[in-house]
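Please keep the viewer open as you read.

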Number of protein chains: 2
Amino acid sequence: MVGMERTPSHPEVSEFDLQKVLEALVDPVRRSIVTQLDAAGADIACGAFDLSVSKSTATHHFKVLREAGLIRQHYAGTSRMNTLRRAEMDEVFPGLLDALTATR
Amino acid sequence: MVGMERTPSHPEVSEFDLQKVLEALVDPVRRSIVTQLDAAGADIACGAFDLSVSKSTATHHFKVLREAGLIRQHYAGTSRMNTLRRAEMDEVFPGLLDALTATR
DNA sequence: AGGAAAGTACGATCGCGGTCAAACTTTGAT
DNA sequence: ATCAAAGTTTGACCGCGATCGTACTTTCCT
């Protein structure tokens, strides 16, 4: 389709909301995504994560993370790359991601 | 009633579970309870909180917080006192409560 | 003893979120 | 031109948790 916008919307730092962030991080699948991104220290394509849900469910989880501001997404060919917005999160909620990605 | 145990069960530090803690803290009412306890720096009776739900709902929220290990409860007359288990939480999940009770 | 105060227990309701399958779109490779 | 790969969208289902009112229990006060 012509004009199909493939760049999804991302919230700005000023729009980060603790409630939304917590709702995103309370789900184990989504927390696993964040943990894998943090451990890798690099971008990861949606399909390259180790997840235990279907593709459509995974799409849903990535959307929730993106709309909460935890990840940034951009296309690279047919793949969608995911970037952890670490510095921005740390700026608004210092210590939060550290506490949740701690190895225990 | 005779033999009615009025001391509820509290998890030990070794039983603290991140998933349960997050499920407890994701609810705004429960997070408000934790925030009020943290700000007061003292025990607060169930009825002395500023909450926007019914008594029975409040009881439910206190139970969830207690079973996650976030608060300790004990009776004082007809009142039930609530204590934030700050040090124990900090020991197991360093930085988590700091991040969530930060004034923003 | 009687009543009020402070919570708890129990059902019932109800909306939201996680899940999947199926159909579709876009891009890249042959 | 086809075909495969990678995600998305839509719709449906379903279970869980937040909520409330009512009835009940325990303790304190007079």
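A crossing is called left-handed if the near helix is turned anticlockwise from the far one by less than a right angle, and right-handed if clockwise. Helices here are DSSP runs of H or I with at least four residues, numbered from the N terminus. This is a predicted model, in which local features need pLDDT of at least 70 and side-chain atom pairs count only at pLDDT 80 or more, while totals for chains, interfaces and linings use all residues. Residues are numbered from 1 along each chain as its sequence is written, and chains are lettered from A in the order in which they are written.

Let's begin in chain A. H2(A) passes H3(A) in a right-handed crossing. Helix H2 spans residues 28-40 and helix H3 residues 55-68, and the two pack at an angle of about 70 degrees with their axes 10 Å apart. Such axes are lines fitted to C-alpha atoms over the stretch in contact, and angles run from 0 to 180 degrees between N-to-C directions. H2(A) and H3(A) are therefore roughly perpendicular to each other; angles under 35 degrees count as roughly parallel, over 145 as roughly antiparallel, 65 to 115 as roughly perpendicular and the rest as oblique. On the H2(A) side, A:Val29, A:Arg30 and A:Ile33 make the contact, meeting A:His61, A:Val64 and A:Leu65 of H3(A). Residues are in contact if their C-beta atoms, placed from the backbone, lie within 7 Å.

Now turn to chain B and its helix H1 (residues 18-25), where B:Val21, B:Leu22, B:Ala24 and B:Leu25 are buried (20 or more other C-beta atoms within 10 Å of the residue's own, with C-beta atoms placed from the backbone). Seen down the axis of H1(B), these buried residues fall within an arc of 160 degrees, so they line one face of the helix. The arc is that of the directions from the helix axis to the C-beta atoms. What does this face pack against? Its partners are helix H1 of chain A together with H2, H3 and H5 of chain B.

Take H3(B) from that list. The axes of H1(B) and H3(B) come within 9 Å and cross at roughly 155 degrees, which makes the two helices roughly antiparallel. H1(B) passes H3(B) in a left-handed crossing. B:Lys20, B:Val21 and B:Ala24 of H1(B) contact B:Val64, B:Leu65 and B:Ala68 of H3(B).

Finally, the two chains meet through 12 residues from chain A and 12 residues from chain B. On the chain A side, H1(A) gives the most, with four residues.

Note on methods:
A residue is buried if 20 or more other C-beta atoms lie within 10 Å of its own, exposed if 12 or fewer, and partly exposed in between; C-beta atoms are placed from the backbone.
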